[in-house]
Every structure is written in C-alpha cells, then in structure tokens.
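Please keep the sequence and the 3D view open while you follow the text.

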Amino acid sequence: MTKPSSNRKKAISAVSNNSKPSASSAEDTFDPENPATATIMVTAAEVEELSETEERDRLHLERRVERAFFEAGRALAELRDRRLYRSTHSTFEEYCKDRFGFERRHPYRLIEAAGVVDNLIKMCPIWTQNEIEDDPATVHSDQRQILPTSEGQVRPMTKLKPEEQQEVWQRAVEVAGGKVPTGRIVKDVVQQIMERTQVPNTYQLGEVCQILAKDNPELRGKGGCWGIVNHVGEFSCTVRTWDGEYTVALQHLKSHNYLPAECEQMQVIYDRISRVYSSALEESVQRFLESLGKLNRPYLTGLEEKLLNVLESEYDEIQF
C-alpha cells in the first residue's frame, strides 16, 4: 500500500493581517504520521447585540411576514364582497386565477383562514388595536400573542365554531411548548375535539338527502340538489347526484325523510337522469335535467315524465 505523502505544510489558522491574535491563539498543528494529535484553534466571533430600535424593527417585520396570509385573506374577502373584479371578469374565481394564479379553492381557503385569525385575535386581551395595525413602536416581545403564521395551520379549524377554534388553538400552542404549532398538531387537536363532540352518523345506505352548500365553496352549485347515500363514514357520507359522487360532511346534509318505497323511486329517477345526462347536450336540455336533480318530492309530474321519456328515446336512437 502506497504510503501517504508526508510532504504537507502545517495548517495555519486564518487570522486577518490587520488584527492581533489573542493571547490564547496559536497555530493549528497537523502531524500526518499521527492525525489524532491534530490541534485546531477556533477563535470565537463577537456577536453584536441589536439596539432597542432594531429589536422593534425586527419584531415589526416578523409580524408582517407572519400576517401575510391573513392580510391576503382579508383583501380577497373585500374584493369578493364588493365585486371589485366585475369590470374585467364575470366571476371571482376567474379573476383570482388570472390576476394571482390561484386555483379555484385557494382564495376561499385564505378568506376562511383570515376569519379564523380574526376570531383568535379577539380572544386575547393583551392584543391591542395598535398592535393589530402593526405600529412598530408598540410591539413588545412580552406582549405578543402567538398566532398562526400560515394558512395550513388554520385550515383544520375553519369548520369549527368560534369558541372551538379558540380552544383548539390554545391547546395546540400548549402542545407545541408555547410556540407556533404545526398544521399537524392543530389537526390532531381538532380530531380530539371532534371525537369528544361527535354526533352519531345516522344516515343509511339508499337514503335520499338534500345537499346544503352554505359556507362550503367546494359544494358550489350543488345547494338544494338531492343525492342518494352510497357510503356512510364517521363524519361524512358519499352521495350520488345526477352528475357524479360527492363526499359531504354531516352538517351539509339534510334527510328528506322519505319512506323506503319513495327512496326506491328516487333511485329509479336517479338512474334515468344520470343515463341520459351529458355536458354535450343542448343547454336547455341540460337545465331541464338539472332541475330534476333538485326535486323536493319523490316523483315526477306527468309533464316531467313525458319530457324525460322523449330524452330517453333520443338517447337510445343515438346509441343504436
């Protein structure tokens, strides 16, 4: 085995030519024959403390970073509520996609998150109005309330009641050791709350329910539609409507309380509508079928029956 070259220079500690070495400093030494005896001297660098003004500025800037998603949610809510997009776009979703590159669900998540943070701010008495307005002269580290710093930390709480949101956040902060908790911690605490207050899911397979889309943008356009339960979960049900399947939380469902025979009749109507419905149909025909998907009765009128028969005949002719 080739012996390593011993033709190596001693390693000299890097010291500026303009600075004097301290009394304790010395050259680093390295013996290639015995590497274990190498001595490396490390000079400690002096850390400059922040001034009182710099400390306030730092807290102020940190607060702005932490509140970025919150301010975005507030701004988006105002843009939506005042319809300030109407001069260029017909819908809020199109505006957000073109202007900010947001997918359909993201702006609503930010808006919901801002509402949760607003609620959390109200629960802490030492959080002053001046601090909310980000006046750096009034921000003190011993007065800071621990608030979410990202939308992901807030998302698990958006469907809870205000008092439950406050309870979850306080417990999550405790679990995190007095620091900002991760989204995973918040989700775990939310799960504990839900298990404690869990209402038994009494829906049954084949039951006909109405979808309640209020306060749930993911169900936009489905409010008032009826669906047939084909899966019963712990906190939700999967229902089949005229145009597909949707997993819906219990608070967004309302049973029609139909008799078993009526539920069977609605199953027949569902099968007929879903068989002929297509996005390629004329708009007026689509609207007719969609109106059947919002029936509040377990039967078709005579005229509705005739119109559906005509569509089924047309469909069969196209198929064959």
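## A buried arginine and its partner

Arginine 272 is buried in this predicted model, with a relative accessible area of 16%, where buried means under 20% relative accessible area, exposed means over 50%, and partly exposed lies in between (1.4 Å probe, protein chains only). Its side chain meets that of glutamate 305 in a salt bridge, at 2.9 Å from N to O; a salt bridge is a side-chain nitrogen of Lys or Arg within 4 Å of a carboxyl oxygen of Asp or Glu. The pair links distant parts of the chain, 33 residues apart, with arginine 272 in helix α9 (residues 260–276) and glutamate 305 in helix α11 (residues 302–319). Helices (H or I, at least four residues) and strands (E, at least two) are DSSP runs, numbered from the N terminus. Glutamate 305 counts as partly exposed because its relative accessibility is 27%.

The model is predicted, so local features need pLDDT of at least 70 and side-chain atom pairs count only at pLDDT 80 or more, while totals for chains, interfaces and linings use all residues. Residues are numbered from 1 along each chain as its sequence is written, and side-chain values use heavy atoms, with hydrogens and water left out.

## Other salt bridges

By the rule given above, the count comes to 17 salt bridges. In general, side chains of opposite charge can pair when their charged atoms come close. Glutamate 151 and arginine 155 form one of these bridges, their closest N and O atoms being 2.7 Å apart; glutamate 151 is buried, at 9% relative accessibility, whereas arginine 155 is partly exposed, at 39%.

A further bridge joins arginine 287 to glutamate 283, with 3.5 Å between the closest N and O atoms. These two residues are separated by about one helical turn because they are four residues apart in helix α10 (residues 283–292). Glutamate 283 counts as exposed at 56% relative accessibility, while arginine 287 counts as partly exposed at 44%. Salt bridges that share partners also join Arg105, Glu112 and Lys159 into one network.

## The largest nonpolar core

Which residues touch the most other members of the largest nonpolar core? Among its 30 residues, these are Leu76, Phe92, Val154, Met157, Val168 and Val186. Such a core is a set of buried Ala, Val, Leu, Ile, Met, Phe, Trp, Tyr and Cys residues joined through side-chain atoms within 4.5 Å. At least two residues of this core are supplied by each of α2 (68–81), α3 (92–100), α4 (106–122), α7 (162–175) and α8 (183–196), and α4 gives the largest share, nine residues. In soluble globular proteins, nonpolar side chains tend to be buried together.

## Two residues with positive phi

Most residues other than glycine have a negative phi. Arginine 83, although not a glycine, has a positive phi of about 55°; this residue lies in the loop between α2 and α3 and is partly exposed, with a relative accessible area of 40%.

Asparagine 257 is not a glycine either, and has a positive phi of about 55°. Asparagine 257 is found in the loop between β5 (253–255) and α9, and counts as exposed because its relative accessibility is 66%.

## Serine 291 and cysteine 225

Serine 291 lies in helix α10 and counts as partly exposed, at 38% relative accessibility. Between serine 291 and cysteine 225 there are 66 residues of separation in sequence, yet 8.7 Å in space, C-alpha to C-alpha.
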